Amino acid sequence: MFVKPVRRLAVAVLLAAALPAVAQQAAMPQQSAGPGAAPTVAADPQLEADVMELSHKLRCLVCQNQSIAESNAPLALDLRDQVREQLAAGRSKNDVIDYLVARYGDFVLYDPPFKATTLLLWGGPVLLLVGGAGWLAWRLRRRQGELAAMHGLSEAERRRARELLAGDAKQSSSESPESRS
């Protein structure tokens, strides 16, 4: 009877104990390149600083939750190389960003611009919040009405309850304390 819950608890404790070790091993490859940053490639420190600055502003198209500076995906490595090559060729940071946006769309930016094509992206969370709050308010009002209809008394039932309560009050006041026990 208690064997299954005890087994489940033991498995949960073992998994919780093993989780930090697994997380540490998963983070090991990233630590070799520095925490959350790509390894440096260019000999020019200013060029590499510009590459890293832009890389933190651009989203990895494969990972979607990491910048191309943090990702080790092959596409992120290629994008960092493209950024490095274009900056080395003398293009400005804005030119590089414009090139990548033209090629991959606004999705490549962590901070996409506010325009007609990104309106849902910016307004979506607000619409979901307002819609959810509106639905919740509507549902609570409807539920109150359902409960009132289910538990409410009709006028005849209320009149009958008053008569019964008034009759009990007259009857209890006319009885003596000895007769009640």
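The charged end of Arg 59 sits over the ring of Phe 107, with 4.8 Å between that end and the ring centre. The model is a predicted one.

Now turn to the helices. Start with α2, residues 45-57, and α3, residues 74-88. Their axes lie 10 Å apart, and the packing angle is about 135°. Angles over 145 degrees would count as roughly antiparallel, and 65 to 115 as roughly perpendicular. α2 and α3 are therefore oblique to each other. The crossing of α2 past α3 is right-handed. From α2, the contact draws on Leu 47, Glu 48, Asp 50, Val 51, Met 52, Leu 54 and Ser 55. From α3 come Arg 80, Val 83, Arg 84, Leu 87 and Ala 88. By class, this contact of α2 with α3 has 7 nonpolar, 1 polar and 4 charged residues.

Next, follow α3 to α4. Helix α4 covers residues 93-104. It packs against α3 at an angle of about 140°, and the two axes are 10 Å apart. That angle makes α3 oblique to α4. α3 passes α4 in a right-handed crossing. On the α3 side, the contact is made by Leu 79, Gln 82, Val 83, Gln 86 and Leu 87. On the α4 side stand Lys 93, Val 96, Tyr 99, Leu 100, Arg 103 and Tyr 104. Sorted by class, the contact of α3 with α4 has 7 nonpolar, 2 polar and 2 charged residues. Val 83 and Leu 87 of α3 take part here, and both also belong to the contact with α2.

How close do the axes of α2 and α4 come, and at what angle do they cross? They come within 11 Å and cross at roughly 40°. The cut-off for roughly parallel is under 35 degrees. That makes α2 oblique to α4. This crossing, too, is right-handed. Asp 50, Glu 53 and Leu 54 in α2 meet Lys 93, Val 96 and Ile 97 in α4. These residues divide into 3 nonpolar, no polar and 3 charged.

How values were computed
Residues are numbered from 1 along each chain as its sequence is written. This is a predicted model: local features need pLDDT of at least 70, side-chain atom pairs count only at pLDDT 80 or more; totals for chains, interfaces and linings use all residues. Side-chain values use heavy atoms; hydrogens and water are left out. Axes are lines fitted to C-alpha atoms, for helices over the stretch in contact, and angles run from 0 to 180 degrees between N-to-C directions. Helices (H or I, at least four residues) and strands (E, at least two) are DSSP runs, numbered from the N terminus. A crossing is left-handed if the near helix is turned anticlockwise from the far one by less than a right angle, and right-handed if clockwise. Contact means heavy atoms within 4.5 Å. Ala, Val, Leu, Ile, Met, Phe, Trp, Tyr, Cys and Pro count as nonpolar, Asp, Glu, Lys and Arg as charged, and the others, Gly among them, as polar. A charge sits over a ring if NZ of Lys or CZ of Arg is within 6 Å of the ring centre and within 35 degrees of the ring normal.
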